[in-house]
Amino acid sequence: MSSKNYFLTKEVVQKKLQRMAYEILERNADEDEIILAGIKDNGLVIAKKMAELLQPVYKGQINLMEISIDKKGLSEISLSPAMDLNDKVIIVADDVVNEGRTLLYAIKPMLSFFPKKIQTLVLVERTHKAFPVTSDYVGLSVATTFQEHIIVEVDGDEINGAYMI
């Protein structure tokens with residue numbers, strides 16, 4: 001590894017994802033279908049990893065959805081592929097939750113449907129919530145200052161770890 005000070009290594013990330021997959025199974029054991037909706041880019045990688053972990057043990061259907069969102073303006077939000085979200089269990093995945101704004105806006109287009117449940121999953125949760133979003137599945141909660149930034153390093157479909165700058 002480089003001079004980056006990783007507080008989550010690739011191996012630890014894998015263990016955190018595995019634990020969250022078990023939590024998803026426990027909370028959704030009776031569901032026929034789960035939609036894993038990843039916020040592009042890193043959230044989508046996390047959603048794909050979660051699908052890989054769930055596939056061998058989950059008896060229902062797992063669908064992947066990509067949420068494209070302009071994180072600067074938060075005005076352009078799209079869901080792909082288009083699918084019926086009525087009476088579905090949706091798990092919105094992202095890498096880091098800071099204030100909760102991105103997760104809140106990512107959920108917004110789903111509210112034009114009537115989903116059964118909307119849950120959220122994040123690899124790293126910070127303690128600076130400005131919006132009423134609670135993460136249902138959390139890899140690691142980290143207390144940071146406002147000046148510190150957490151970077152989840154992704155290379156293709158691999159999560160290499162997380163570090164602070």
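Modeller: First, the ground rules. This is a predicted model, where local features need pLDDT of at least 70, side-chain atom pairs count only at pLDDT 80 or more, and totals for chains, interfaces and linings use all residues. Residues are numbered from 1 along each chain as its sequence is written, and side-chain values use heavy atoms, with hydrogens and water left out.

Colleague: How many salt bridges does the structure hold?

Modeller: The general idea: side chains of opposite charge can pair when their charged atoms come close. A salt bridge here is a side-chain nitrogen of Lys or Arg within 4 Å of a carboxyl oxygen of Asp or Glu. The structure holds 10 of them. One of these joins E153 and K4, with the closest N and O atoms 2.6 Å apart. The E153–K4 pair links distant parts of the chain, 149 residues apart. E153 sits in strand 8 (residues 150–155), and K4 in the segment before strand 1 (6–9). Strands (E, at least two residues) and helices (H or I, at least four) are DSSP runs, numbered from the N terminus.

Colleague: Is E153 buried or exposed?

Modeller: Buried means under 20% relative accessible area, exposed over 50%, and partly exposed in between (1.4 Å probe, protein chains only). E153 counts as buried because its relative accessibility is 18%. K4 has 34%, so K4 counts as partly exposed.

Colleague: Which residue forms a salt bridge with K117?

Modeller: E31 does, with 3.7 Å between the closest N and O atoms. K117 is in strand 6, while E31 is in the loop between helix 1 (10–27) and strand 2 (33–39), 86 residues apart. K117 is partly exposed at 25% relative accessibility. E31 is buried at 14%.

Colleague: Where in the chain are K88 and E33?

Modeller: K88 is in the loop between strand 4 (77–80) and strand 5 (89–97), and E33 is in strand 2, 55 residues apart. Their side chains meet in a salt bridge of 3.4 Å, N to O. E33 is buried, at 18% relative accessibility.

Colleague: Which residues are linked in a network of salt bridges?

Modeller: K10, K49, E52 and E158 are linked that way.

Colleague: What does T120 touch?

Modeller: Contact means heavy atoms within 4.5 Å. Not counting residues up to four places away in sequence, T120 touches V92, L103, I107, T134, S135, D136 and Y137. T120 lies in strand 6 (residues 117–126). At 4% relative accessibility, T120 is buried.
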